[in-house]
Amino acid sequence: MTTPLLQVRGLTARLGTGAAQVTAVSDLGFDVGRGEILAIVGESGSGKTTAAMALSRLNEGPGGQLSGQVLFDGVDVLSLNRRALRTLRGQGIAMVFQDARAALNPCERVGDQIAEAMVVHGARRWTQARRQAVALLAEVGLPEPERRATLFPHELSGGQMQRAMIALGLACDPGLLIADEPTTALDVTVQAQVLALLKSVVARRNMALILITHDLGVVASIADRVLVMYAGRIVEEAEVGRFFAAPRHPYSRDMIRAASIALDASGRLATIPGRPPRPQDIGDGCAYAPRCAQRQADCTTLRPALTVHPTAGDAGLPHRFACLHPIAEALS
Amino acid sequence: MTGPLLSLHDATVRYAVPGGWRARSIAALAPTTLDVHQGELLAIVGESGSGKSTLGRAMLRLLPVAGGKVTFDGTDITGLGRAALSALRPRMQMIFQDPYSSLNPNKTVGRALTEVLAHVGVPRAERRERAETLLAQVGLDAQACARLPRAFSGGQRQRIAIARALATDPDLIVADEPVSALDVSVQAQVVNLLLDLKAQRGLTMVFISHDLGLVTAIAQRVCVMYFGRIVEIGLADKIAARPAHPYTAMLNDSVPQPDVVAARATVAAASRAGVADLPSLLNPPTGCAFRSRCPQATGICAQQEPGLVPHAGGGLVACHHPLA
Amino acid sequence: MTQEIVKRLLFLPVTVFFVATLVFLALRALPGSSAELLGSQFSTAGLKEQLIADLGLDKSIWQQYGIFIRELLNFDLGRSFMTGKDISTMVAETLPITIELAVASLIVMTITGIGMGVLAGAFPGSAADGLLRTLAVLLFSLPWFWFGIVLIIVFSLWLGWLPAFGRLPPTLEYQAVTNFVLIDAVILGRPDLIGPWLLHITLPALTVGLTTSGALMRLVRVGVIETGQTDYIRTARMKGVPAGRVFFRHILRNAALGILTVIGVQFGAMLGGSVIAEVVFGYPGIGRMTVDAVLTRDYAAAQGGAIVIATLYVLINLVTDLSYRWADPRLRRGGGQ
């Protein structure tokens, strides 16, 4: 068994300063290997985006403190000096952000932005880099890539910009690509195409992909494994088939139910009552307890630790969950 | 009451395009004929550029209508002057997509509501109480009156916007993507609220959304739009089960399901299909606007724009080769 | 974009006409006329009436206005009552001087404002940032004339480093050609003009430039900070772009757009504000000419000065606007879908 490309242990992220500092991510631990697609699922406030950015220390600074271990190819990202970190970014770990329109420089041509990634790492010189940028735009399925490379971001459609962002992420052939809600801002007919693109890129380049999303349909589309986050912690991790068929954590089950949109007998959609807690409001006990239909007395006092399910899922992938009273039966 | 509550007949909306010496305009909404029946929940679904928001605004005359006719409860409101339109507005209200910009950030919630109540002639002594009742109906407590919008989450702000829309006791509510900007767990809650309020008050509701799965679950009739045109109208379950228009079928097939087998098949199908974008509004294609992406386009599709006609399944479809 | 330029240029005469009318009315509203001021020295009644007739002040105000507009359309600004010179000549003599001063002030303002702003924006919240922000507030709170006088006292009287008055030493022989010292120095082969000219222009340029740099500094600082927080800067960091390149090539380059407009607007304002500097330092520019003309009710000269300054202001705003449109790709191609 080869060592996974990414091994996260005990990752904790504190955001804000002084009295307003909150713990956005607590004690996160997971692995991702090459050729694998891991989906991190959660609502807003779950800490998933914070975790994603923490992997390359993008949210580190006066307003963000990271601790723990992020082993990429055996090297701890959190302990790298600035120079080594800069080298890692783009070439080792790359990110695709949610709002492609905002994430691209409005005053630079698309092709140049992609080429810059290669040039700053000394991988190529500008002329070569620009040519490679056109090749990347073709790889991500943009028609007329030579022409598109000379355009400014605002001259592209939403779907085209998202593809360009993916091309930018792939420019230096990273081992790990992190895509933060890559399809949320897109039309549904374009979403499926972008997901198909991501899947093919992962296979073709033998990369690892971490897909951040709140949409379970997206998870079911391409993910191999699922990691559910709630209030900054992992509440469940499972192989995707096992996750949808037999989740153990009540939150997972509630989310799956709410995702299959259908009116129940009383003419209403299934919902999860209440809303996720803000980081500063999390007390003792299980963070999901206030909203959990099957909470019991000890749920509000004891915080459940991650336990491993006795039987592993398909392909021998572990199934972990953090619940004192997990669900026993499979979903109907 | 007989007849539809709201009716559009060949209504058209054009936007002027800046730049250039000649004045150019694009048809954001092609001549559209549509009835909204009393008490129904009509959904209008489409992606970006489909014209669904424009249609919603045209219904309430929030936009000038360049051609055709808009009738509300028997009154022709197409060319109605400002005063007359103002008098009708309390009966037709709108809920907007972005809860962060639809409320004045400098007005307390109570103030926002009492001002609306004052506008419809509620006596001063009763306004506060009515505001609190409205807030209770949308699931917020009376203390919200004293607070500013920034103290509330997106979902709560949308509830306040709903309360404000209900303050005038309208007959018709047009909700333009009311939950798209909200967290997923809150979306269903707000939708449920709208469904409850509709039932309690006997409202007529037009629900605009890009989410075909959502609208086919909650609406009675669904109207599918593409490129400023209605391409299909029908009963919600028919649209979901047996769509007549190729675009509707494409929408249906593209929605990622929370089911591994189905979702994987969707992605596999998408990877086989080509990449295509919306045609240009400045240079609209001849004939059917969808033909550049349609797997079954033929010669006639390029020559003649299909009209919206009844089809075998019971609804209306604008296609030369409707699906079974 | 050509359409924009043409549209704006068509508006220019309208604006000038409007300004001219306002100036005309404002001057007529002031009590007293040149004839009276001058004529009071003469006991002979007939001379005063003669003066009034000469100046056309005996005609009705509408007739005076009509003559004024007619002459304006012929680009005839009239003749100065006090000096007897053609106004056009006086403008040609004094306008270059004001432009020199305005440009020098602009350079001071730009270097100081952008320098301070960039430094503060690069290290927000630091001690240096706090110091610079205080300095900026101090600078733009200072009244120009007071600051000018203080500079004179410190650098002229106490230290004796810089001259306090005028544009060139009175002993220097100078037959102007274009009235721009730098150009004339080349044409006339007189490099010795440049040194004294620089010494004389320093204090007025510092007065105007430093006091206006405060506002610019704050805008630059905010622009740098806000640009640094955008998503696309985050993308640049994600790509592994070194911090220096992120700052100079991305943050500053994009923040420059907003700063450009401010500088353009400031330049226009400096033209008018240089009036004060010219008065304090006795700098013989068009501002001082106009002020003197108003004080002596020399209608033609005052009108001419005001109209020229206003026209220049509008032109500069136009150039700023167009350069902004050219620099921002989003505006240049008319925006996307």
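**Figure 1. Chain B as a whole.** Of the contacts in chain B with a separation of 6 or more, 63% are between residues 24 or more positions apart; here two residues are in contact if their C-beta atoms, placed from the backbone, lie within 7 Å. Please keep in mind that this is a predicted model, where local features need pLDDT of at least 70 and side-chain atom pairs count only at pLDDT 80 or more, while totals for chains, interfaces and linings use all residues. Residues are numbered from 1 along each chain as its sequence is written, and chains are lettered from A and ligands numbered from 1 in the order in which they are written. Chain B holds 11 helices and 12 strands, which are DSSP runs numbered from the N terminus (helices H or I, at least four residues; strands E, at least two). Its C-alpha trace spans about 70 × 50 × 45 Å along the principal axes.

**Figure 2. An open sheet in chain B.** Four strands line up in the order E2-E1-E4-E5, with antiparallel pairing; two strands pair if DSSP finds at least two bridges between them. E2 and strand E5 (75–76) are the edge strands, each pairing on one side only. Strand E1 (residues 6–17) is joined antiparallel to strand E4 (residues 67–72) by five bridges, and to strand E2 (residues 24–36), again antiparallel, by nine. Follow Leu6(B) to see both pairings: it stands opposite Val36(B) in E2(B), and its bridge partner in E4(B) is Phe72(B). Further along, Thr12(B) stands opposite Gly67(B) in E4(B).

**Figure 3. Where chain A meets chain B.** This contact takes 40 residues from chain A and 35 residues from chain B. On the chain A side, the elements that give two or more residues are helices H8 (188–205), H9 (216–222), H10 (240–245) and H11 (250–259). H8(A) supplies the largest share, nine residues. By class, this side of chain A has 20 nonpolar, 14 polar and six charged residues. Ala, Val, Leu, Ile, Met, Phe, Trp, Tyr, Cys and Pro count as nonpolar, Asp, Glu, Lys and Arg as charged, and the others, Gly among them, as polar.

**Figure 4. Two domains of chain A.** The assignment, from an automatic or database source, gives domain 1 (6–223) and domain 2 (230–321). Their C-alpha centres lie 27 Å apart. Domain 1 brings 18 residues to the contact and domain 2 brings 15. Strand E2 (22–32) and H9 of chain A are the elements giving two or more residues to the domain 1 side, with the largest share, eight residues, coming from E2(A).

**Figure 5. Helix H2 of chain A and its cover.** Leu88(A), Arg89(A) and Gly90(A) are the buried residues of helix H2 (residues 82–91). Their cover includes strand E4 (64–72), strand E6 (93–96) and helix H4 (110–120) of chain A, together with helix H10 (231–239) of chain C.

**Figure 6. A close-up of Leu12(C).** This residue is found in helix H1 (residues 2–29) of chain C. Leu12(C) counts as partly exposed because it has 13 C-beta neighbours inside 10 Å. The C-alpha atoms of Leu12(C) and Leu318(C) are separated by 9.5 Å, although the two residues are 306 apart along the chain.

Notes. Buried ≥ 20, exposed ≤ 12 C-beta atoms within 10 Å, placed from the backbone.
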